[in-house]
Structures are given as structure tokens and as C-alpha cells.
Amino acid sequence: MRSNVLITGHTRGLGEALANLYKSTHNIIGVSTSEIDFLTFSKTPKFYLNNIYDYVIINARSKKHQWADLMNINCVNQVRFALDIKNNINKALVFITSRAGNFTRTYRGFKGPDGSRMFPGTNQIDYSMSKAALTYAAVCISRHVSYPVIAIDPGNFANQSNPERDTKPVDIAIPIKKLLDKSDLKKYSGRLVRYTGEFLVW
Ligand SMILES: NC(=O)c1ccc[n+]([C@@H]2O[C@H](COP(=O)([O-])OP(=O)(O)OC[C@H]3O[C@@H](n4cnc5c(N)ncnc54)[C@H](OP(=O)(O)O)[C@@H]3O)[C@@H](O)[C@H]2O)c1
């Protein structure tokens, strides 16, 4: 029987690209709004508790919400869901987070197109907070399970709001799958990792 890969946010973007890569070898269990709405999530349905997963990839995020709703969708309720199924995972639990929630990058700033030092704006502070908290959850859970738990920064790629970007979701999904296939995956556990496998300062 084929093993399962559970992916939240599988209907488009990176989640869909990952589902397409895994579907030849695994049974895909996709979770997007029509399966579980992480805005109104209260209890993990039995179906998800009764399955065993090779990989669980927490990837869903909203662009339609702000503040508490955004925090609930991107972080709180997906972490609650992951905790509910954490004993059903064999190979790895992955949180797709973002550089937007990276403390060091936010504090030190980053090099802008003209070489000057730039700092992230405060207009998306709710999104950044949700991703910083998601990275925290990855580190915390990694200390309580036997398989690797990894926070992955996927970089920037094309999506519905930025379709013109040259990097497409599949260009990120392929290296993520390669990373998850590594025999020494354990060394990435509890770490924030770029999709290419480079360790990032949190
Ligand atoms: N794109 C980038 O440049 C970029 C940069 C940094 C980090 N990331 C991270 O990478 C991941 C994937 O990004 P993406 O651009 O591929 O995302 P996306 O295209 O916006 O897709 C988001 C997914 O989340 C699902 N979703 C939204 N609200 C939901 C809810 N309330 N309950 C359940 N599912 C919900 C959507 O499905 P439905 O709407 O069908 O429910 C969709 O499948 C995200 O975690 C994002 O934060 C992306």
C-alpha cells in the first residue's frame, strides 16, 4: 500500500507543486479550505487521526485575512492540527514558513536593489508575526518527536498575486523534495532552512 503525504494548501502554488511531485509515489491527502477551513477550525476530523503519514507539510496561508484571523489560519490552527497528528508521522514534519518572519533579517535588514540596507515594512507585520510563530512551533515540536521537524523558507516565487515572478512553485518544490529525501535529514531538525538546504540564522 502507498504511504501518505499530507499537504495543507494543496490547491495551488507550492502546495500543488509538491502534491504533483509526490503523487507518483504517495497517496496525497490535501487539506485546503474545502477540507478544513483553518479560520474556523475547532477539532481535527477523525479521518486525519486515523491515517499514517510519511510527510506532513504545513503550507497553507491566507492572503485574504488580517491580524487574528491571519494568525489563526497561518499558524495557530495549523499548529494545533499538526500537534493532533504528530504521532502519526514516520519521516518528517515540515512547516513552510517565510523569511518575512526571520528575526535576524528583520533586525539587521537586507541589501536592497541599489545596495542600500533596507528593513521590512510594518504593513505586513501580521503575516510576518504568523510566520515567526510558525518557525517557533517547528523548533518546539522538534524537541518532542523522534522524526525531523523542519522550518523551510521557500524564498520568493510566482503565485496568484505575483504571477510575473520568474521562479515558479515547481522550482521550489523540487529542491524541497530533494532535501526531504536526504538520508541525513535529522541534522535539519529544529532548524530554519532555506529551500536549498542552507541553514539560516533564525
Ligand atoms: N509565494 C511566495 O513568494 C512565498 C514567499 C515566502 C513564503 N511563502 C510561503 O509558501 C507557502 C505557499 O505559498 P503560495 O504562494 O504557494 O500560497 P498560495 O498560492 O496563496 O496558496 C495558499 C494555499 O492555502 C490554502 N488556504 C488558504 N486559506 C486557507 C484556509 N483558511 N484554510 C485552509 N487552507 C487555506 C489555499 O487553498 P484554498 O484557497 O483553495 O482553500 C491554497 O491552497 C505559504 O506558506 C507562504 O506563506 C510563499
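**Close-up views of a predicted model**

**View 1. The loop around Gly-121.** Gly-121 belongs to the loop that runs between strand S6 (117-118) and H5, in a structure that is a predicted model. Gly-121 counts as exposed, because it has 8 C-beta neighbours inside 10 Å. Between Gly-121 and Leu-14, which are 107 residues apart along the chain, the C-alpha atoms are separated by 24 Å.

**View 2. The surroundings of the ligand.** The ligand is surrounded by 27 residues, of which Gly-9, Gly-13, Thr-33, Ala-60 and Asn-159 are the closest. Helix H1 (residues 13-22) gives the most to this shell, contributing three residues. When the residues of the shell are sorted by class, 10 are nonpolar, 13 are polar and four are charged.

**View 3. Helix H1 and what covers it.** Helix H1 is mostly covered, since seven of its 10 residues are buried. The buried residues of H1 are Gly-13, Leu-14, Gly-15, Ala-17, Leu-18, Ala-19 and Tyr-22. They pack against strand S1 (4-8), strand S2 (27-31), strand S3 (53-58) and strand S4 (89-96), and also against H6.

**View 4. The packing of H1 with H6.** Two packed helices are described by the angle between their axes and the distance between the axes. For H1 and helix H6 (residues 169-181), the angle is about 55 degrees and the axes are 8 Å apart. The two helices, H1 and H6, are therefore oblique to each other, and their crossing is right-handed. On the side of H1 the contact is made by Gly-13, Leu-14, Glu-16, Ala-17, Leu-18 and Leu-21, while H6 brings Pro-169, Val-170, Ile-172, Ala-173, Ile-174, Ile-176 and Lys-177. By class, the residues in this contact of H1 with H6 comprise 10 nonpolar, one polar and two charged.

**View 5. The packing of H3 with H5.** Helix H3 (residues 67-85) and helix H5 (residues 125-142) pack with their axes 9 Å apart and at an angle of about 15 degrees. Because of that angle, H3 is roughly parallel to H5, and the crossing of the two helices is right-handed. H3 takes part in the contact through Trp-67, Leu-70, Met-71, Asn-74, Cys-75 and Val-79, and H5 through Asp-126, Tyr-127, Met-129, Ser-130, Lys-131, Ala-133, Leu-134 and Ala-137. Sorted by class, the contact of H3 with H5 holds 10 nonpolar, two polar and two charged residues.

**View 6. Trp-67 in helix H3.** Most residues other than glycine have a negative phi. Trp-67, which is found in helix H3, has a phi near 50 degrees, a positive value in a residue other than glycine. Trp-67 is exposed, because 12 other C-beta atoms lie within 10 Å, and a residue counts as exposed at 12 or fewer. Trp-67 is also one of the residues through which H3 makes its contact with H5.

**View 7. Ala-138 in helix H5.** Ala-138 has its place in helix H5, and it counts as buried because it has 26 C-beta neighbours inside 10 Å, where 20 or more are needed. If neighbours within four places in sequence are left aside, the residues in contact with Ala-138 are Phe-95, Val-149, Ile-150 and Ala-151. Ala-138 and Phe-95 are 43 residues apart in sequence, and in space they are 6.6 Å apart from C-alpha to C-alpha.

Methods
Residues numbered from 1 in each chain as written. Predicted model: local features only at pLDDT ≥ 70, side-chain atom pairs only at ≥ 80, totals over all residues. Near = placed C-beta within 6 Å. Helix = DSSP H or I, 4+ residues; strand = E, 2+ residues; numbered from the N terminus. Nonpolar A, V, L, I, M, F, W, Y, C, P; charged D, E, K, R; others polar. Axes fitted to C-alpha atoms, helices over the stretch in contact; angles between N-to-C directions. Parallel < 35°, antiparallel > 145°, perpendicular 65-115°, else oblique. Left-handed = near helix turned anticlockwise from the far one by under 90°. Contact = placed C-beta atoms within 7 Å.
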